[in-house]
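The structure comes first, then the reading.

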Amino acid sequence: MAIESANIVGCTSDGQLIWLALPAASDMDISIRVLWTSVQSSVFQLMGWWQEWAGIIVPNKDWTNNASLAHFADLVNADGGSNPVTTEWENVPLETLSQLEECGLTLRPGYHFLEEIQDRLTEKELAKKLGAEPVPYMSVSTLEDLKNAVYIHGLPAILKTRGWWYDGKWQWRISEKDNIELFWEQHFSHSSANLIFEKMIDLECELSVIGAVDIHGNIELLWPMYNIHEEGILRYTIDPAPISENMKSAVLWQAQKIIEHTKRYPEWGYIGILTMEFFIDTSGKIYLNEFAPRPHNSGHASLDSRSVNQNHLWLGTVSGRSLEKTKIDRPVIMRNVLSEKELHMMHSLWWVSWMKTYDYKKLSHLPDQNNALQRKLGHINYFWDQIEKIL
C-alpha cells in the first residue's frame, strides 16, 4: 500500500522534463531517482554531477533488464516505503511498467491508462470514454482501408502511425490532389501497415490545458494555453491564451469533465498531471486531439506565468501531497529553440538582458548538444514589455 506522502519519487525518463522539474523537487524536499537507458540521452547529460547517484542506466537500452529494474526499485524504495514512479515519456514499454509494479513500486499514473494512450486508436476511443470528441478517424491497415476512409470522411487528412510518434514525426498529409494509390505506394511499399486516418478540420486554434489530480481526488486546472506549431513542432505558447471568456469557459469545462471521468476507472490509479490538447474549429467546436500524462512542452510557460507551475503540480501530486491552488502571475510567451543557430542567439540575448533588467527574458532550459536540427534544444520565456513586440 502506497504511503500517503513520499519523499522519494522515481521517474522513467530519457528526456529533459525531469531535469526541468528538479527545482520543484528541491522546493518540496523530494529526492528524484531516474531510470534511463543511455549516457547519450538528454537527461543523463543534463544531470551533470547529479547523475552519479540519482539513478540507474539500463544496459544496451533494454528496458526490461531484470537486474536494472530491481536496482531501480531499491533506489526508489530506499526509505522502506512503496514509493511512486512517474514518467515523462508515455511510451515506456508496458513490460517495464509491469515489472516495476512487481518490484513493489506504485505507478502514477497507472499501467492501464498508459496502455490505452500508447496507441493512437485506443487513445481516440479513450477520449470518447471520457466524454470528449476526437476528430473524425478510422483505423487503416491496407490501401483499401485508406480508400474507404477517404470515401467516408473526405480529404484533406493526416495519416499517422498508431504508436511511437513525437513532434510531428511519422505522419503524412494527404491533400485533395493526391492520387491515393500512388501515395500508398510511395510511403508504404509493404501491403499492410498499422496506421490511423484523421480528418483535417478547419482549425481556428490549438489550446492545451494541464490538469492535476491528487490522492484525495482534488482537481486543479491551469487555464488554457495557446499553441502555435510549425511543421508539426510546437514553436510558441501564449499563456494565458488570448481567447474569449466563453471559449475559455467551454474548454475548461471540457477538461474538468475529462478528469472527473477518470475517477470512474479506479484501476487506472490516475494521480498526477494530465495534459489535454484541444483543437478548436472555425465554428467553435472543441475536439480532443491527444493526452499527455506528464508535463507538457507548452507548460514550460507556466514556470514564469503561474504561482504554482506544472512541475510543482506534477511532483506534488505523484508524491502524495495535496494540491496547491495556482493563479496567473503574469502573461508569458514561450518560444521553443529548434536549432543551434537559435540556441546561440538565445544565450546571447539572455546574458545581455540579465545584465540590463533581470526580468527582460529568462533562459529556462539548457540544451542537449547532440540533438539534431528541428528538435527541441530548449526554450525561452518572454514577458513584460517583450510580449507586445512578439505578438
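Helices (H or I, at least four residues) and strands (E, at least two) are DSSP runs, numbered from the N terminus. The model is predicted: local features need pLDDT of at least 70, side-chain atom pairs count only at pLDDT 80 or more, and totals for chains, interfaces and linings use all residues. Numbering starts from 1 along each chain as its sequence is written, and side-chain values use heavy atoms, with hydrogens and water left out.

**Backbone**

Asn60 sits in the loop between β3 (55-57) and α5. Its phi is positive, about 60°, although Asn60 is not a glycine. Two peptide bonds are cis: Leu155 to Pro156 and Asp239 to Pro240. Their values and places are tabulated here.

| Cis bond | Omega | Loop holding the proline |
|---|---|---|
| Leu155-Pro156 | about 10° | between α9 and β7 (157-161) |
| Asp239-Pro240 | near 0° | between β13 (233-239) and α11 (245-262) |

**Helix packing**

Axes are lines fitted to C-alpha atoms, for helices over the stretch in contact, and angles run from 0 to 180 degrees between N-to-C directions. Angles under 35 degrees count as roughly parallel, over 145 as roughly antiparallel, 65 to 115 as roughly perpendicular and the rest as oblique.

Take α5 (residues 66-76) and α6 (residues 94-102). Their axes lie 10 Å apart, at an angle of about 50°. That makes the two helices, α5 and α6, oblique. Asn66, Leu69 and Phe72 of α5 meet Thr96, Gln99 and Leu100 of α6, where contact means heavy atoms within 4.5 Å. This contact between α5 and α6 has 3 nonpolar, 3 polar and no charged residues. For these classes, Ala, Val, Leu, Ile, Met, Phe, Trp, Tyr, Cys and Pro are nonpolar, Asp, Glu, Lys and Arg are charged, and the others, Gly among them, are polar.

Next come α9 (residues 143-153) and α10 (residues 180-187). Their axes come within 10 Å and cross at roughly 135°. Helices α9 and α10 are therefore oblique to each other. The crossing of α9 and α10 is right-handed. On α9, the contact uses Leu143, Leu146, Lys147 and Val150; on α10, it uses Ile180, Glu181, Phe183 and Trp184. The classes here are 6 nonpolar, no polar and 2 charged.

**Cavities**

A cavity is a set of points, on a 1 Å grid over the protein atoms alone, where a 1.4 Å probe fits but cannot get out; lining residues have an atom within 4 Å of a point. Volume is the space filled by probe spheres set on the points, which are joined across faces, edges and corners.

How many cavities of 30 Å³ or more does the structure hold? There are 2. By class, the lining of the largest cavity has 5 nonpolar, 3 polar and 1 charged.

Note on methods:
A crossing is left-handed if the near helix is turned anticlockwise from the far one by less than a right angle, and right-handed if clockwise. On a 1 Å grid over the protein atoms alone, a cavity is a set of points where a 1.4 Å probe fits but cannot get out, and a pocket is an open set with protein on both sides within 12 Å along at least five of seven lines; lining residues have an atom within 4 Å of a point.
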